[in-house]
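Hi,

Here is the structure I promised to send over. Have a look at it first, and then read on for my notes.

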Amino acid sequence: MTIFKRELNAVRIIVIHCSDSERPEHDNISVINNWHIKRGFAKVGYHFYIQKSGKIQVGRGLYEVGAHAAGFNSESVGICLGGKLVFSEAQIIAAARLISNLARALPNLRSEYWLIPHRFLDRSKTCPNFNLSRIDQYLDTDLDNKIDCNGKNFEYKI
Ligand SMILES: [Zn+2]
């Protein structure tokens, strides 16, 4: 499947995912890359993967449209945390640092509620299986109105 390009100002939201696996041998973006290629993607569909250790691995470039949230890919950045039910503090802190930096690099995020768990965009999913308030406490304090905490403030497209 072709990877489409975009301008950074097309990005309006950041979507948080989990890998849905607790197996240590799965905790690497190279494994996710293989899974996604088997599903027919050109390469891993996420822009970033965060290992249990807190190490951030890069998937797609920000100028590349991802493949992680049906109906929202062209306008989003996808971040995946390795895990199914257990997410380390190191992962959460790394995610918050990454998101804080992205917020400064992306000129056109929604004015509010731009940090969204995958489950709010796809009612059939529970992803990422943790409350984004865990990340919120570590985000830079000037980033107000980031998280749609209950899903009622975001317009579903699908
Ligand atoms: Zn997801």
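This is a predicted model: local features need pLDDT of at least 70, side-chain atom pairs count only at pLDDT 80 or more; totals for chains, interfaces and linings use all residues.

**What packs against helix α2**

Helix α2 covers residues 89–105, which makes 17 residues. From the first C-alpha to the last, α2 reaches 24 Å, close to the 24 Å expected at 1.5 Å a residue. Its buried residues are Q91, I92, A94, A95, I99 and L102. Because they cover an arc of only 160° around the axis, these residues end up on the same side of α2. On the face turned away from the buried side, α2 carries the exposed residues E89, N101 and R104.

**The sheet**

Now to the strands. In what order do the five strands of the open sheet lie? The order is β3-β2-β4-β1-β5, and the pairing is mixed. The edge strands are β3 and β5, each of which pairs on one side only. On average, neighbouring strands of this sheet are turned by 25° against each other, direction ignored. α2 packs on this sheet, where it touches β1, β2, β3, β4 and β5, and the direction of α2 makes about 165° with that of β4.

Here is how some of the strands pair up:

- β1 and β4 are parallel and pair over six bridges; V15 stands opposite G78 in β4.
- β2 and β4 also run parallel, joined by three bridges; I50 stands opposite L81 in β4.
- β1 and β5 pair in the parallel sense over three bridges; I16 stands opposite P117 in β5.

β4 deserves a look of its own. This strand is mostly covered, with six of its six residues buried. S76, G78 and C80 point one way from β4, while V77, I79 and L81 point the other way, and all are buried.

Is V58 buried or exposed? V58 is exposed, because it has 12 other C-beta atoms within 10 Å. V58 and F72 are 14 residues apart in sequence, and their C-alpha atoms are 20 Å apart in space.

**The chain as a whole**

Stepping back, the protein chain has three helices and five strands. Read from the N terminus on, its elements run β-α-β-β-β-α-β-α. The C-alpha atoms fill a box of roughly 35 × 35 × 30 Å along the principal axes. How does the radius of gyration fit with a compact globule? For 158 residues, such a globule would have a radius of gyration near 15 Å, and the 14 Å of the protein chain agrees with that. Of the 158 residues, 35% count as buried. Among contacts in the protein chain with a separation of 6 or more, 70% are between residues 24 or more positions apart.

**Backbone spots to check**

As a reminder, most residues other than glycine have a negative phi, and most peptide bonds are trans.

In the loop between β5 and α3 you will find P128. A cis peptide bond joins C127 and P128, with omega about 10°. N129 lies in the loop between β5 and α3 as well, and its phi is near 70°, a positive value in a residue other than glycine. N129 is partly exposed, because 18 other C-beta atoms lie within 10 Å.

Where is D20? D20 is in the loop between β1 and α1 (29–38). Phi of D20 is near 70°, again a positive value in a residue other than glycine. With 16 C-beta neighbours inside 10 Å, D20 counts as partly exposed.

Do write back with any questions once you have looked through it.

Best wishes

Note on methods:
Residues are numbered from 1 along each chain as its sequence is written. Helices (H or I, at least four residues) and strands (E, at least two) are DSSP runs, numbered from the N terminus. The expected span of a helix is 1.5 Å times one less than its number of residues. A residue is buried if 20 or more other C-beta atoms lie within 10 Å of its own, exposed if 12 or fewer, and partly exposed in between; C-beta atoms are placed from the backbone. The arc is that of the directions from the helix axis to the C-beta atoms. Two strands pair if DSSP finds at least two bridges between them. Axes are lines fitted to C-alpha atoms, for helices over the stretch in contact, and angles run from 0 to 180 degrees between N-to-C directions. Two residues are in contact if their C-beta atoms, placed from the backbone, lie within 7 Å. The radius of gyration is taken over C-alpha atoms; the globule rule is 2.2 Å times the number of residues to the power 0.38.
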